[in-house]
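I set out to examine how two chains meet in a model that was new to me. My entries follow the order in which I looked things up.

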2 protein chains.
Amino acid sequence: MIEIMVDLQGGAKAPLYEKIYGHIRGEIICGRLLPGEKLPSTRLLAGNLAVSRSTVEMAYHQLLAEGYIKAEPCRGFFVCDITELYQLGIETPQRTAGQAAAGGRRGKRAAAAERETAEERKAADVRIDFSPYAIDTGHFPYNIWRKLYRNVLLDDGEELVLSGDGQGDYGLRCAIAVYLHRARGVNCRPEQMVLGAGNEYLELLLAQILGSGKKVLMENPTYLQAYRTFRNAGCEVETVSAGEGGLSEDAVRGKNPDVIYMMPSHQFPMGTVMPFGQRLALLRWASEAEGRFLIEDDHDSEYRYRGKPIPALQGQDSSGKVIYLGTFSKSIAPSLRISYMVLPESLAEVYREKCGFYSTTVPRVQQEVLRAFIEEGHFERHLNRMRGIYRGKHDFLLGELKRYGWVRAVGGAHAGLHVLVTAESARTEAELCRLARERGVQISGLSGYVVEARREPQKKTADRAAYDGARSAEQTPAVLLLGYGKPTEQEIVQGLEILNEIVN
Amino acid sequence: MIEIMVDLQGGAKAPLYEKIYGHIRGEIICGRLLPGEKLPSTRLLAGNLAVSRSTVEMAYHQLLAEGYIKAEPCRGFFVCDITELYQLGIETPQRTAGQAAAGGRRGKRAAAAERETAEERKAADVRIDFSPYAIDTGHFPYNIWRKLYRNVLLDDGEELVLSGDGQGDYGLRCAIAVYLHRARGVNCRPEQMVLGAGNEYLELLLAQILGSGKKVLMENPTYLQAYRTFRNAGCEVETVSAGEGGLSEDAVRGKNPDVIYMMPSHQFPMGTVMPFGQRLALLRWASEAEGRFLIEDDHDSEYRYRGKPIPALQGQDSSGKVIYLGTFSKSIAPSLRISYMVLPESLAEVYREKCGFYSTTVPRVQQEVLRAFIEEGHFERHLNRMRGIYRGKHDFLLGELKRYGWVRAVGGAHAGLHVLVTAESARTEAELCRLARERGVQISGLSGYVVEARREPQKKTADRAAYDGARSAEQTPAVLLLGYGKPTEQEIVQGLEILNEIVN
């Protein structure tokens, strides 16, 4: 039997199994391992390389799946004749960049895999992340979290093994309802609340509750995820420009939707707050006909750094027309995968009828940990702390931006986790983002959040022009989203310096 | 200010906040607390009762939501005039059975709440659970699970805070792919796998990937959850009787669906295995036209107690037509909320295009714990152990069933977690189930898994008659599903004794 020596220490940073896979694959491609040769057993190779057996198994499995080796029952693993693979035109994907490339035609899979690798490489190189979705991970209360998990897991009753209530555990829904009432002015019974693994899942449920073929209206630019989710769920989705009046009563009556998706307390990505009169007008519009509803996505309302907090629209709703959506992705961590929606009583009944059979999508342990986190006061302490940290970064970023002449305007300040920077530059928005990314700075342009941008390029320009409104029609300035959730002060300084070099 | 004394030790087992809520509510209803009276502050009452402030807040919130008390800004909480509530006809829900009932007309909410309470009471009284979905919770490896959580949580890098790959972590997908290859003969690259919080969520994704308006064919009776999910997602769903040939080539060609949902290794609830020839015929059918796919739900194939394991259909698929669905709900625990699907390469590309923007629905910590559980060999050890335990219960149940003359036939044995018992009785299936439940034995009848049963009662009889096939047409015998996952041997003996008394 052949012996296989893999250098597991040197080379690029990659999982062990990938190194083993890559090594053997290379040996087969370059002909050092010949068709029909028997590979060592996973147990033997694992022993030789001092890795776990499952690591070797994963490597072998990858080789199996790609046709480099074959398994013969009770005999073991054997090298395949890969010339056959090439003749069939199903050449293997190139998982690791820089590995000796084999000849032959390139299949679709290979191209896709190369794209993935390129993207991975890109992601690995990001040193300064201004993404508006990124949060500060350095101040996560790991110790408290660990302690709560330990306490919850001490309970070895069957409670933690069964999936529990489909809407989420009653106690956790109570705790969230109390928090929402106090912090956001939301009025609800726990019976109206449904927990789910992320906003998109809840939006998929909503589409089912509202019934098929509904027309959803939203502002543009917007959370593209919500737009795409409602489209995927079979809704007709229309948009109005967020720039000029946005979801004004006239615009809404003109479009005549069934449902409006809105972010009244902090529109994403524009950062605007919907005026009180407009809120009342939309509540009135909704109450005029059965089947009309307002979806209030209150995604990052925890973070407001100046003025009074803006209470949720839901609290002003007296006719059961507001569906309230919230998440712990920004207030605790995206990895938690816990969002919630508060349904009007009428829709809560429809939910139980149409969707009551769904098991919850949130694991029981997570629910228990979150409940303790809220009930023991950690959540509000954490929020207060993060509010201070984000306010500090926000103020620091605004101060730094003053130093650059190309910053023509800063929008969406004093709330959330990003600002909009209008940049005066000979380069286009897309160019600036690309060049920044090449220098390790992750940044996005406002066009990236415009709905039609991806589907109908010509319409994009129209919408974008509409948004730009009063600005010069001949030259659209670049508008960059600078998220300050993730970067440190030092990274903000470095990032802006790099941007400065690119802009000029 | 009034003083409130709540007996938190005595009475029924209930959360503290519910006791406080119930006490104050009772005092208001019976008139010991009068309209306009001020309640103690949450801080004060929490101190007096030696409970946390959030407990009192939850109680107050519940009272607020139900209209027993009102909050006045900066002043505190006051008792409402509840006679008003009754005059408006929005009487309050009766959360706790046996509490003093108030007069007045009954609103819809109250009725719903009473239904809930009745169901809760029923659930609490179930002493012996023969549900086919229930698993053995007594042998869950709590200690290992705790240890893995502890190890995973020791890592306080940002990895655990970010939501990670939308398809699920690559490493976990590798581990599952290796397991599926070895245990089920499934061939896949991790790139083809998508993890999700439960089968229904993955089915909602599938409906999007396959495109709108697709016709899905499934056997009847079936997993009603899958039927309802595809319906909710906008698919047209048709059924063929599982009784006579089931998804035979003729039946399929007659119905001309786009997609077939099937459980070839162990049909639920019938417990049948699809013959090899029929599998090949369906694979051939699928390969004849673009857009045709087979969804293989391999839900409980881990448990087979006799004969060789039946490899998955996916492993026989050479033309990329099988979508493989699996879950850890039965092999580990339902509360885990981790399922997976393996897409053919062509659909994996559609997934990335249409659904690639969705964040994963599985929390990162759970993913890491599961990965360690599989990679360190605990999963297979646990499976082996549970297989032995379930086999033991299975054999014991079969042995016990021989003691009763009314057991005419036992079907679906030697695999999964339930058997079908045809019972000779003057009572109908529904009667038997109801009477058993009244005696604390949770049991279900085959009719409960018949699709049309809920929507079109006349069609139900037709379908059921078709299924009964060769049996006497004038008298349909009761077919009971006896799940042996949960009950102990002693409970099986007791449960059958109770059944025996009911049947005769």
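Basis. I worked from a predicted model, in which local features need pLDDT of at least 70, side-chain atom pairs count only at pLDDT 80 or more, and totals for chains, interfaces and linings use all residues. Residues are numbered from 1 along each chain as its sequence is written, chains are lettered from A and ligands numbered from 1 in the order in which they are written, and side-chain values use heavy atoms, with hydrogens and water left out.

Entry 1. I looked up the contact (heavy atoms within 4.5 Å) and found 73 residues from chain A and 73 residues from chain B. The two chains bury about 6,400 Å² between them, 59% of it on carbon and sulfur atoms; this is the accessible area (1.4 Å probe) lost on being put together, summed over both parts.

Entry 2. I counted two salt bridges between chain A and chain B, each a side-chain nitrogen of Lys or Arg within 4 Å of a carboxyl oxygen of Asp or Glu. Arg182(A) and Glu57(B) form a salt bridge through their side chains, at 2.4 Å from N to O.

Entry 3. I turned to helix α15 of chain A, residues 429-438, where Glu429(A), Leu432(A), Cys433(A), Leu435(A) and Ala436(A) are buried (under 20% relative accessible area, 1.4 Å probe, protein chains only). Helices here are DSSP runs (H or I, at least four residues), numbered from the N terminus. After α15(A) comes Gly440(A), with a positive phi near 90°.

How values were computed:
Buried means under 20% relative accessible area, exposed over 50%, partly exposed in between (1.4 Å probe, protein chains only). Helices (H or I, at least four residues) and strands (E, at least two) are DSSP runs, numbered from the N terminus.
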